[in-house]
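Please walk through this structure one region at a time. Begin with a single residue, then widen the view.

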Amino acid sequence: MAEQTHKVIVVGGGITGLSAAYYLQKQAIEQGLEIEITVIEVAHRLGGNIQTLQKDGFVIERGPDSFISRKNSIQQLARELGIGSQLIQSAPGKTHVAVENQLYSIPTGTVMGVPTNFGSFLTSGISSWFGKARAMGDFFLPVSSTLDDQPLGKFLRRRFGNELVENLIEPLFSGVFAGDIDRLSLKATFPELLETEQQHRSLIHGLKKSRISDYRAFNTEKAGMFQTFEGGLETLVSALEKELETCTVLKGVKVEKLEQHTGQARLQLNNGAAIIADSVIFALPHAKLLPIFEPLGLMKGLKEMPSTSIATVSIAFPEGAVTPIQDCSGFVVARNSDFTITACSAVHLKWPSLVPPGKTVYRSFIGRVGDEAVVDLSDKEIVKAVLEDLNKLLNIQANPELTVVSRMKEAMPQYIVGHEERIALAKKELREALPMVQIAGGSFEGFGLPACVDQGKAAANKLIEQFTAEPFSMEGNSQ
């Protein structure tokens with residue numbers, strides 16, 4: 001009796017697609033399943049936004065530089081790939097916020113801008129006494145009158161007032177989402193806030209008591225809040241690509257059309273070829289999916305989801321050329337400050353092993369909703385603007401030794417109000433029209449690296465469940 005061969009195509013060679021292919025291959029081997037896996041990537045390299053530059057002893061990340069260590073998805077994957085020993089942790093350091101061109105240390109105990117240590121908040125200069133008094137209203141305000149989705153900014157302003165939101169909370173959320181908190185979905189970005197309010201009424205009191213304090217993404221005084229690899233994040237991409245030994249990987253190839261073909265999926269490629277598969281996982285940004293699915297009358301709701309373009313600017317100096325700010329390993333910027341950059345990280349303090357001895361590196365971000373045109377400036381203009389901003393705070397006394405500008409066009413999907421319902425509807429329509437097709441990735445259920453790994457693994461698990469539930473074919477699959 002011939003074993004049935006399942007043909008699976010993974011469209012997209014970013015971290016989601018690579019994770020899906022890896023876990024499919026792994027489980028196929030473990031369970032003795034015959035699965036032919038093909039990965040299709042439009043670029044001539046794998047990894048998507050993950051791209052590490054190694055030059056003159058510097059390890060420069062062109063895209064994301066790390067992942068939050070409290071989620072163990074990548075640690076587990078790294079151990080399976082044999083690169084777990086190459087994981088490194090971020091060094092401790094304080095994050096600051098620039099408010100009206102002055103830096104303030106983020107109060108101790110802050111959870112995404114919400115102060116849980118009110119003593120530290122009261123002694124901080126980050127807010128006026130009026131702003132502090134208004135923030136204390138959180139202790140007395142009733143819970144929200146609705147459990148429906150709402151703008152994150154609206155929810156937070158009601159609890160704490162405008163000043164705390166604009167001076168502390170908004171800069172931190174903008175540093176993560178590069179978005180407008182007055183449009184971002186509360187349920188899709190930080191649903192724990194609504195749950196905490198409903199349970200404890202006061203967010204300050206509730207966050208202090210609950211385990212949600214594990215979200216201290218900007219309380220970086222402890223080591224190990226973030227992790228990466230000794231050679232940068234591309235270490236993970238290289239290990240995954242090397243591991244996909246039984247897969248076919250097509251680079252520089254684009255899927256232009258999808259249609260159903262006698263219960264299977266037929267993909268038309270830009271090189272004139274066509275591939276037929278039993279199952280397809282599309283691990284692409286939603287904007288890349290629309291040209292494929294709109295002709296089929298699917299996923300029209302995803303057109304409502306915007307994306308933001310950002311750029312990273314890494315600038316290296318000789319040690320001593322920059323006067324640092326005491327106890328400051330990085331900062332985010334409030335919108336009321338006259339800055340082009342939205343955030344900056346001192347790489348030599350956060351990741352000292354990635355910077356040669358005697359050098360300092362500052363990695364800045366530019367671009368967010370309402371201020372994306374700056375990303376399209378020339379490298380020279382961008383570097384000039386970033387240096388002007390840094391010089392307002394750091395007192396730069398020498399020219400840079402190295403500058404690296406990296407643009408990520410439409411790289412940050414915006415989870416605006418109604419996001420969860422919008423994605424649920426898109427997936428429901430897809431299941432009904434094309435049950436052999438799945439979508440996964442940063443546009444849908446979290447765009448952090450661990451979330452993308454989780455989505456790739458979940459898509460693989462779903463296929464494995466389907467394949468093991470199917471009866472074996474007596475003749476095998478001859479397609």
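Ile 310 makes contacts with residues well away from its own place in the sequence. Setting aside neighbours within four places, Ile 310 touches Ala 178, Ile 366, Gly 367, Val 375, Ser 406, Arg 407, Met 408 and Met 412. This is a predicted model. Ile 310 belongs to strand β17, which runs over residues 307-318. Is Ile 310 buried or exposed? Its relative accessible area is 8%, so Ile 310 is buried, the cut-off being under 20%. Thr 228 gives a sense of distance. Ile 310 and Thr 228 are 82 residues apart in sequence, and their C-alpha atoms lie 21 Å apart.

Now turn to a helix. Leu 290 sits in α11, residues 286-293. Its relative accessibility is 12%, and Leu 290 therefore counts as buried, being under 20%. Which residues does Leu 290 contact, leaving aside neighbours within four places in sequence? They are Pro 295, Met 299, Leu 302 and Lys 303. Compare the position of Gln 4. It is 286 residues from Leu 290 in sequence. From C-alpha to C-alpha, Leu 290 and Gln 4 are 33 Å apart.

Loops come next. Arg 201 lies in the loop between α8 (191-200) and α9 (203-209). Its relative accessibility is 36%. That value falls between the cut-offs of 20% and 50%, so Arg 201 counts as partly exposed. Leaving aside neighbours within four places, Arg 201 is in contact with Phe 139, Phe 140, Leu 141, Pro 142 and Val 143 among others. Arg 159 and Thr 196 are also among the contacts of Arg 201. How far apart in space are Arg 201 and Leu 233? Their C-alpha atoms are 40 Å apart, while the two residues are 32 positions apart in sequence.

Leu 147 is in another loop, between α4 (129-135) and α5 (152-160). Its relative accessible area is 51%, so Leu 147 is exposed, the cut-off being over 50%. Leu 147 still has contacts beyond its sequence neighbours. Not counting residues up to four places away, it touches Lys 187, Leu 194 and Gln 198. Take Lys 187. It is 40 residues from Leu 147 along the chain, and the two C-alpha atoms are separated by 9.5 Å.

The loop between β7 (94-99) and β8 (102-105) holds Glu 100. Asn 101 is found in the loop between β7 and β8 as well. Glu 100 counts as exposed because its relative accessibility is 58%, over the 50% cut-off. Asn 101 has a relative accessible area of 37%, so Asn 101 is partly exposed.

Next comes empty space. Rolling a probe the size of a water molecule over the atoms shows where empty space is left. The second largest pocket holds about 230 Å³ of space. Its lining has 14 residues, and those closest to the centre are Lys 427, Gln 438, Ile 439, Glu 445 and Lys 462. Which elements each supply at least two residues of this lining? They are α14 (419-433), β22 (437-439) and α15 (449-469). The largest share comes from α15, with 6 residues. What kinds of residue form the lining of the second largest pocket? There are 7 nonpolar, 2 polar and 5 charged residues.

Finally, step back to the whole chain. It contains 15 helices and 22 strands. Along its principal axes, the C-alpha trace spans about 75 × 55 × 40 Å. Does the radius of gyration agree or disagree with that of a compact globule? A compact globule of 479 residues would have a radius of gyration near 23 Å, and the chain has 24 Å, so the two agree. Buried residues make up 56% of the 479 residues. Contacts can also be sorted by distance along the sequence. Of the contacts with a separation of 6 or more, 75% join residues 24 or more positions apart. As for the surface, the chain exposes about 20,500 Å². Carbon and sulfur atoms supply 49% of that area.

Key
Residues are numbered from 1 along each chain as its sequence is written. This is a predicted model: local features need pLDDT of at least 70, side-chain atom pairs count only at pLDDT 80 or more; totals for chains, interfaces and linings use all residues. Side-chain values use heavy atoms; hydrogens and water are left out. On a 1 Å grid over the protein atoms alone, a cavity is a set of points where a 1.4 Å probe fits but cannot get out, and a pocket is an open set with protein on both sides within 12 Å along at least five of seven lines; lining residues have an atom within 4 Å of a point. Grid points are joined across faces, edges and corners, and a volume is the space filled by probe spheres set on the points. Helices (H or I, at least four residues) and strands (E, at least two) are DSSP runs, numbered from the N terminus. Ala, Val, Leu, Ile, Met, Phe, Trp, Tyr, Cys and Pro count as nonpolar, Asp, Glu, Lys and Arg as charged, and the others, Gly among them, as polar. The radius of gyration is taken over C-alpha atoms; the globule rule is 2.2 Å times the number of residues to the power 0.38. Buried means under 20% relative accessible area, exposed over 50%, partly exposed in between (1.4 Å probe, protein chains only). Contact means heavy atoms within 4.5 Å. Accessible areas come from the Shrake-Rupley method with a 1.4 Å probe; for residues, only the protein chains shown count as cover.
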